[in-house]
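Hi,

Here is the model I said I would pass on.

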Amino acid sequence: MKKILVTGALGQIGTELVMKMRDMYGANNVIASSRSKRKETEVTESGPFELVDVVNAQQIADAVKKHNVDTVVNLAAILSASGEANPSGTWDINMGGLYNILEVARENNCAVCTPSSIAVFGPSTPKEQTPQDTVMRPTTMYGVTKVAGELLCDYYHMKFNVDTRGMRYPGLISNKALPGGGTTDYAVHIYYEALKHKKYECFLDKGTRMDMMYMPDALNAVIQLMEADPAKLIHRNAFNVTAMSFDPEGIAAEIRKHIPEFELTYNVNQDIQKIANSWPDSLDDSQARKQWNWNPKYDLASMTEDMLTELKKKLNI
Ligand code: NAD
Ligand code: AKB
């Protein structure tokens with residue numbers, strides 16, 4: 001990777017990925033982009049920034065040509081819960097945007113990394129240790145776009161030899177940018193509320209177990225996968241990756257080790273609960289471990305300790 005364009009760079013992942021990549025590859029070699037820039041941030045000011053709406057193929061092509069880009073990390077998307085409120089917009093951005101990026105990549109000989117999600121799975125998928133290759137019948141528009149997106153990336157690799165790669169992220173937990181409208185967002189909000197108010201009302205029910213990962217591991221996943229030896233990659237666009245699996249009680253119990261008076265209550269949002277119920281309880285990520293040495297560092301205990309330390313500084317608590 002020499003010149004990297006990151007789309008959707010002001011979101012939860014991009015906010016941290018751009019800074020990490022600028023440290024690794026040089027500030028001028030990582031071009032952050034988003035469809036709007038509401039304010040100046042570290043990401044917009046510490047290196048090149050372009051306005052790129054992924055629905056507009058010309059804007060992608062202009063940014064790629066202007067900066068001589070050889071790798072696109074495509075983070076522009078609408079996530080699961082927001083996606084159900086706007087299915088047609090989700091299709092247009094997640095699929096239309098990805099198609100435009102793949103076409104520009106084909107024409108300009110760029111590699112493409114697009115994260116997929118545990119949302120590719122559905123109620124008929126095996127729930128425990130969900131295998132890499134299994135039933136994929138998602139029941140959300142977000143999930144539909146993620147399955148179709150994996151297939152489209154496979155197609156561009158097979159047909160046009162575009163170097164496409166991607167991983168199925170679980171819920172990501174981080175302390176810089178807030179999450180952007182997903183089903184797993186509670187696992188971020190709970191830390192903020194625990195520190196601010198010592199209580200949290202959860203929109204998912206007791207016992208709702210899902211896979212999760214701390215952001216430092218998620219960032220390493222993109223970099224490691226993009227730098228992996230292509231000869232060793234069998235799956236390319238659809239690697240299960242995970243770091244931990246817990247339910248709201250599990251994360252609350254871990255928080256109570258640091259904040260003993262922390263209270264967890266429930267006010268279930270049935271629409272989001274339905275999405276969560278359709279996703280796996282735990283993933284088998286052995287293929288990622290085997291094919292590109294995936295090996296996350298953080299578990300629930302070490303993530304919780306780091307989240308609380310970092311958020312105390314951020315919130316001045
Ligand atoms: P996010 O919602 O925080 O950020 C996405 C960004 O894309 C936002 O800043 C949004 O403004 C921007 N965007 C939306 N439409 C756009 C358009 N038309 N053109 C350009 N930018 C546009 O999402 P994220 O959490 O950073 O996720 C990035 C990718 O990772 C997505 O593909 C998502 O599906 C995937 N993923 C994320 C998680 C997670 O827990 N965060 C889990 C699994 C997969
Ligand atoms: C969401 O909940 O939509 C995302 C995801 C797992 O894809 N965090």
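Below are my notes on the domains, the contact between them, the salt bridges and a few single residues.

First, the ground rules. This is a predicted model, where local features need pLDDT of at least 70 and side-chain atom pairs count only at pLDDT 80 or more, while totals for chains, interfaces and linings use all residues. Residues are numbered from 1 along each chain as its sequence is written, chains are lettered from A and ligands numbered from 1 in the order in which they are written, and side-chain values use heavy atoms, with hydrogens and water left out.

**Domains**

The domain assignment (bounds come from an automatic or database assignment) gives domain 1 as 4-170 + 213-240 and domain 2 as 173-212 + 244-282 + 298-315. Their C-alpha centres are 25 Å apart. In the contact between them (heavy atoms within 4.5 Å), 26 residues come from domain 1 and 28 residues from domain 2.

The buried area between the two is about 2,300 Å², with carbon and sulfur atoms giving 54% of it. Buried area here is the accessible area (1.4 Å probe) that two parts lose on being put together, summed over both. On the domain 1 side, Gln-12, Lys-127 and Tyr-214 supply 32% of the area buried against domain 2, more than any other three residues.

As for polar links, 17 residue pairs are in polar contact across the interface, both residues at pLDDT 80 or more. That term means a pair of N or O atoms within 3.5 Å; within protein, one must be able to donate a hydrogen and the other to accept it, and residues adjacent in sequence count only if both atoms are side-chain atoms. Helix 4 (80-85) is among the elements that give two or more residues to the domain 1 side, and helix 4 gives the most, with four residues. Helices (H or I, at least four residues) and strands (E, at least two) are DSSP runs, numbered from the N terminus.

The count between the domains is one salt bridge, a term that needs a side-chain nitrogen of Lys or Arg within 4 Å of a carboxyl oxygen of Asp or Glu. The side chains of Arg-209 and Glu-128 meet in a salt bridge at 2.7 Å, N to O.

**Other salt bridges**

The structure holds eleven salt bridges. One of them pairs Asp-163 with Arg-236, with 2.8 Å between the closest N and O atoms. These two are 73 residues apart and link distant parts of the chain. Asp-163 is partly exposed at 24% relative accessibility, whereas Arg-236 is buried at 8%; buried means under 20% relative accessible area, exposed over 50%, and partly exposed in between (1.4 Å probe, protein chains only).

Lys-257 and Glu-254 also pair up, at 3.1 Å between the closest N and O atoms. Here Lys-257 is exposed at 63% and Glu-254 is buried at 10%. Asp-285 bridges to Arg-289 at 2.8 Å. Asp-285 is buried at 6%, while Arg-289 is partly exposed at 37%. Salt bridges with shared partners join Asp-163, Arg-165 and Arg-236 into one network.

**Single residues**

Lys-312 sits in helix 12 (residues 300-315) and is partly exposed, at 41%. Leaving out residues up to four places away in sequence, Lys-312 touches Leu-195 and Ile-317. Leu-195 is one of the buried residues of helix 7 (residues 186-197). Just after helix 7, Lys-198 takes a positive phi of about 60°.

Cheers
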